[in-house]
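Biologist: I am new to this one. Could you walk me through it, one feature at a time?

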Amino acid sequence: MSNDVPTSTYRLQITPDFTLRDAAQTLDYLQRLGVGAVYLSPLLQAASGSAHGYDVVDPTRVDESRGGPEALREFADAAHARGLDVVIDIVPNHLGVAVPHENPWWWDVLRLGRDSAYAEFFDIDWDFGGGRLRIPVLGDGPDELSELRVHGGELHYYEHRFPLAPGTEDGEASAVHDRQHYELISWRRADAELNYRRFFAVNTLAGLRVEVPRVFDATHAEIARWVREGLVDGLRVDHPDGLRDPGDYLERLAQVAGTRPVWVEKILEGDERIPEWPIAGTTGYDALGVVDRVFVDPAGEEPLTALAEEHDGREESRDWTGLVHRRKRAVADGILRSEVLRVAREAGAEASGDDAADHEVVADAVAELAAAFPVYRSYLPFGEEHVRAAQEAAAAARPDLAEAVTALVDGFLPHDDGRITAASARFQQTSGAIMAKGVEDNAFYRYTRLTSLTEVGGDPSEFALSVADFHRLQEQRLADLPRSLTTLSTHDTKRSEDTRARIAVLAEVAERWARFIDAVRERVGLGDGTLENLLWQSIVGAWPASRERLHAYAIKAAREAGAGTSWTDPDAVFEGALADLVDAVFDDARVAAEVEAMAAIVAAPGASNGLGAKLLQLLAPGVPDVYQGSERWERSLVDPDNRRPVEFDVASGLLAHLDEGRLPAIDSSGSAKLLVTSRALRLRRDRPELFTGYRPLLASGPRAGHLVAFDRGGAVALATRLPVGLARSGGWADTEVDVGPQPLRDELTGRTVSGRVLLAQLFDRYPVALLAVAR
C-alpha cells in the first residue's frame, strides 16, 4: 500500500448493526466506485450498544460487537487486495465511563482512588473533590442517597453499579458510600462541581491525560499494532483541540504512524492557520463552507434577513457576533462552569502576592476571555495574536474586568524560555469546548435566516461567496493544504449536503419562501419564529421524510436552541407544540400541500446545486472524502439521522447500469449524482497526473456569472450556479467558455469538446460537466 495520501476516502460508520464483516461486503462496490481509501469510524472497544464508537471503554482491543480483531484483519486484507487503503478514526481525548464496570481503568480508579495504577490516566482534580472523584448520577430529589444499596460487593444506585474500596463494605449503604474514593452527586451539580475533565459537557466521557508518556503508550498500543502489522494506512484524530498539547501529541503519534498520513479534526475559523504539525491536513470542514457559499445568491441576503428579523423575538438575526458572545458566555456560566472554575483555580494557585485575586473575579475573567476568543483555541506560542484579540475584546465588553483579564493573559502567555503555565494549558483546552457548545450546538440553532450556512466550521454571517473568492481560496488550499481532506457531509454536519443544496435555493426565491412561512404559520405555530424558520427549512430541505425522523429532529433542534425547552429542563407543553407542528405536515391537508409545493420548487435547482457542489468538492485541491451514501442524494438531518443504514445493494446495482453506458435522468434514485461521483473518483484514482495545478476558467457572455469552473491540469470541472436566476433570465443564451485547444472528453456524457464551447450545449443534459484530456 502507498504511504502517500490516497486519491480519495469513503467514510463508513461501523456499528454493532453494520460490522467490519458487513463493511467487507461493500468493498467490491467501493472499488468500482473509484474510492482510494476506506475510512472507518472508531473501532476500539466502545460502550455496549454504542452506535458511533467515540465512547471507547477499552482502548487495548478492537470492539467485539463491531467484529473484533479477526474481522479487522480480514477487512484490511480484503481492502488491500482490491487496492484500497484503510484509514481509521482514533479518539485520544477521552474514554467512555457511562457504565463503570465496562471500563477497567475507570473501575480501578473508583475502587482505589489516588492509589490506583490508573489514577494519572484521567484528568482529575482530586483536591477540589476533597480526595474523592465526583460522579454525577444521582437524581435531584432531597434524599437520593437513601436509594443506595450494597449488593454483591458493589454499591448500587438503581441500575448503576460502583466498586467498593477494600475493607469498606460493612454498614449502611450511605455510610459505605461515604468511605469510597468517589462521591455520587446530583447530575445538576455537574455544571459547577465536577472535578474531572470531560469531552465538552458530556459527563459520561472522561478526559484522558495522553500528555503523560505512560498514558499515551497504553492508549496507543493497539493502534501501534495496526500500523506494525500493516492493517492501517492512515489515521484520523478525533478532537485534538481537547488535548493539553496537541502538537506534542501529534509528534508522538507520528512516531507510531511512521510515514502513514494523519488527519486531524481541526475546525479552522476564517483565515486561521494551523501550526506546523506532522500531519497531512484537516478533515475538511473548511472546504465545505467554501463550496456551499458559491451556490448561494447574495441577492437573497437582505430579504431573508428581514424575514428572520420579522419573526425573531430575540432580535438576533443581524447580530451574529453578539449572539456568539452571548451563547458562549451562557455556556461558560452554565454547562461548562466546572471547567471554567478549574482554570480559575489553577490560575489562582499560580498567582501570588499582589497578583492574587478574588476567585469569582478570576472565574468571571476566564469566562469572558473564552467568550471573546475568536477561534477554537491557541497553541501557544503559536496563536498568541488570538489571545491578544480576545483580551482586547473582553476588556472592551467588560471594562470592570479589564485588570483581571490582563493579569490572566500575562499569566497565560509563554515565559521567556517558551514554557507555559498549567493554567494556560488548561485554558487552551477549555476555550474550544466553549466555542463548540456555544456556537455549533446552540447559536447555530438560533440564527436561522438561511440554515444551510450554520454548518460546522462556518460563519453564517458570511452569506455568499463570489466566484472570484472561491477561486482564490482554492488556489490557497492547493498551496497550503494540498493533502487535506475536503468534505461535504460527515456524522457531525447539521444537515447533509443535498439538504443544504436545497435550502440554498431559498436565497433565490426569498419572496416565495416568505409566503410559505406565512401560510404554514396561519395553521400551526410555536410562538417562536426563529425555531419555526429553522424547522420549516429543514423539513423542506429533507423532504420527503418520515414523521418519526422529523419528530426526533424537532426535539433535538429545540433543545439545542435552549429557548422554549432544553435538555436539562424539557418543557412538555412546548414539546407538545413541536409535535403538533410536525404532525401538521402529515395530518393537515393545507400544510401538507404547502410543504409539497415548496419542496417541488426547490427540488430541481437543489439537485443542480447538489451535483455542482459534489463535482467541485471531488475535483478541487485536497483529498475528497465521501460520506457513506452521499454518492447518491443525501438529505439527512443532524446526528443520529445521518447515521441511518445505507442501501449499498441498490447503489451497486445502479452503478452497474451506469457502467453499461446508460445516461441517467436527474431523478429521485440519485443515479445522476452517482454518475458524477464515480466518474470523478475514478479520474482522480486512474489519472492523478491531471490534478497537478489549479486554473480558474471564466465564461464570457450574458450569463457568465452562473458558471463556476476550473482546470486542475487536464481535469476540468464546470458547474451551474444560481439556477433559478439562470432560468428566469432565459437560460445560457450564447454564453460560452474556452476550455483550450486540446480535445477534452466529457466523462459524464462521452462527448468530446475543445476550444470555445457554448454552455447551453455543454449543459444540455446535466448542469455540470467533467472534462478530461482525451487519452
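Modeller: Let us start with F648, which is buried at a relative accessible area of 9%. Buried means under 20% relative accessible area, exposed over 50%, and partly exposed in between, with a 1.4 Å probe and protein chains only. Please keep in mind that this is a predicted model, where local features need pLDDT of at least 70, side-chain atom pairs count only at pLDDT 80 or more, and totals for chains, interfaces and linings use all residues. Residues are numbered from 1 along each chain as its sequence is written, and side-chain values use heavy atoms, leaving out hydrogens and water.

Biologist: How should I read aromatic pairs, and how many are counted here?

Modeller: A pair of aromatic rings is described by the distance of the centres and the angle of the planes. Rings of Phe, Tyr and Trp (its six-membered ring) pair if their centres lie within 6.5 Å; planes under 30 degrees apart are stacked, over 60 edge-to-face, and the rest tilted. The count comes to 23 aromatic pairs. In one of them, F18 and F648 are stacked, with 5.8 Å centre to centre and 25° between the planes. F18 lies in the loop between strand 1 (9-12) and helix 1 (20-24), while F648 is in helix 24 (residues 648-659), so the pair ties together parts 630 residues apart in sequence. Helices (H or I, at least four residues) and strands (E, at least two) are DSSP runs numbered from the N terminus.

Biologist: Is F18 buried or exposed?

Modeller: F18 counts as buried, at 19% relative accessibility. Ring pairs also link Y10, F18, Y29 and F648 into a cluster.

Biologist: Which ring does the charged end of R684 sit over?

Modeller: The rule asks for NZ of Lys or CZ of Arg within 6 Å of the ring centre and within 35 degrees of the ring normal. R684 has its charged end over the ring of F691, 4.7 Å from the centre. Likewise, R134 lies over the face of F128, 4.9 Å from the ring centre.

Biologist: And what is a nonpolar core?

Modeller: In soluble globular proteins, nonpolar side chains tend to be buried together. A core is a set of buried Ala, Val, Leu, Ile, Met, Phe, Trp, Tyr and Cys residues joined through side-chain atoms within 4.5 Å. The largest has 122 residues, and F470 is among those with the most contacts inside it. A second, separate core of 99 residues includes F412, V439, A542 and V724.
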